[in-house]
Amino acid sequence: MGKTVGHHLDDKEQEEIIKGLSVLLEPERVLEVGCGFRRFKPYFKHYTGIDKKEGIYADSLPFTSGEFDLVFSCTVLMHNEKIKLILQEMARTSSKWITLIEPYRKIKQCFLHEFIIKGFSLVLNLRLMTKRSPLALWIFKKGGNNDLV
C-alpha cells in the first residue's frame, strides 16, 4: 500500500494515473511542473521535472515555446496563488498536451471556466474516486481557439 502524498492521493494512485497518461498520450518529450522527487520519470522516454525546491518556479519556466509534447502537474495548483501565470507557462511550453490533476474539493470544477488555456481545447474532464478523496483530471489538447483570461 502506498503512502499518502500531497495530502490527498497515495503513491500508487498517482503512479497509475500517470502511467495511464503515458500510454494514452504517447508523449515523446515531457515536462512535469512541481516534480518533487521525479518519481514519474520512469514512465516517459524524455522526461524533465522542475520544482520550486530547486529554484525553478512554475510561473516562469526556463524553456522554449513548444519544447514539450506533454506538460503536466499533479497536485500543484492547489498550493499556488498564481494559477493563471502557471497555466500560461504550461501552455507556452507545450506543443500538444496539458494535463492537470488536482484534488476535486480543493480546486472547484468551475475553475476551468475562469482559466481557459489559450490555444488548447478541453478533451477530457473526469472526476475520479480515490481512497482518500475525489480527484479531478483534465486533459487539454493543442489546437483549440480558447482565450486565456
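Where is the place of glutamate 26? Glutamate 26 sits in the loop between helix H1 (11–25) and S3, where helices (H or I, at least four residues) and strands (E, at least two) are DSSP runs numbered from the N terminus.

## Basis of the model

This is a predicted model, in which local features need pLDDT of at least 70 and side-chain atom pairs count only at pLDDT 80 or more, whereas totals for chains, interfaces and linings use all residues. Residues are numbered from 1 along each chain as its sequence is written, and side-chain values use heavy atoms, with hydrogens and water left out.

## Confidence

The average pLDDT (the predictor's confidence in each residue, from 0 to 100) is 80 for the protein, and 77% of the residues score at least 70. Confidence is highest in S3, at 96, and lowest in strand S1 (residues 4–5), at a mean of 38. The pLDDT stays below 50 over residues 1–8, a stretch that has 25 contacts in the model beyond near neighbours in sequence; a contact means heavy atoms within 4.5 Å.

## Nonpolar cores

A nonpolar core is a set of buried Ala, Val, Leu, Ile, Met, Phe, Trp, Tyr and Cys residues joined through side-chain atoms within 4.5 Å. Buried means under 20% relative accessible area, exposed over 50%, and partly exposed in between (1.4 Å probe, protein chains only). The largest such core has 21 residues, and those with the most contacts inside it are Leu31, Val33, Met90, Ile98 and Leu100. At least two residues of this core come from each of strand S3 (29–33), strand S5 (68–74), helix H2 (83–93), strand S6 (94–103) and strand S8 (134–142). H2 gives the most, with 5 residues. Another core, of 17 residues, lies apart from it and includes Ile18, Val30, Cys35 and Phe72.

## Strands S6 and S8

S6 and S8 run antiparallel and are joined by 7 bridges; two strands pair if DSSP finds at least two bridges between them. Leucine 100 has tryptophan 138 in S8 as its bridge partner. Because 7 of the 9 residues of S8 are buried, this strand is largely enclosed by the rest of the structure.

Glutamate 26 has a positive phi of about 45° although it is not a glycine. With a relative accessible area of 65%, glutamate 26 is exposed.

Arginine 38 belongs to the loop between S3 and strand S4 (46–50). Its phi is near 60°, a positive value in a residue other than glycine. Arginine 38 counts as partly exposed, at 29% relative accessibility.
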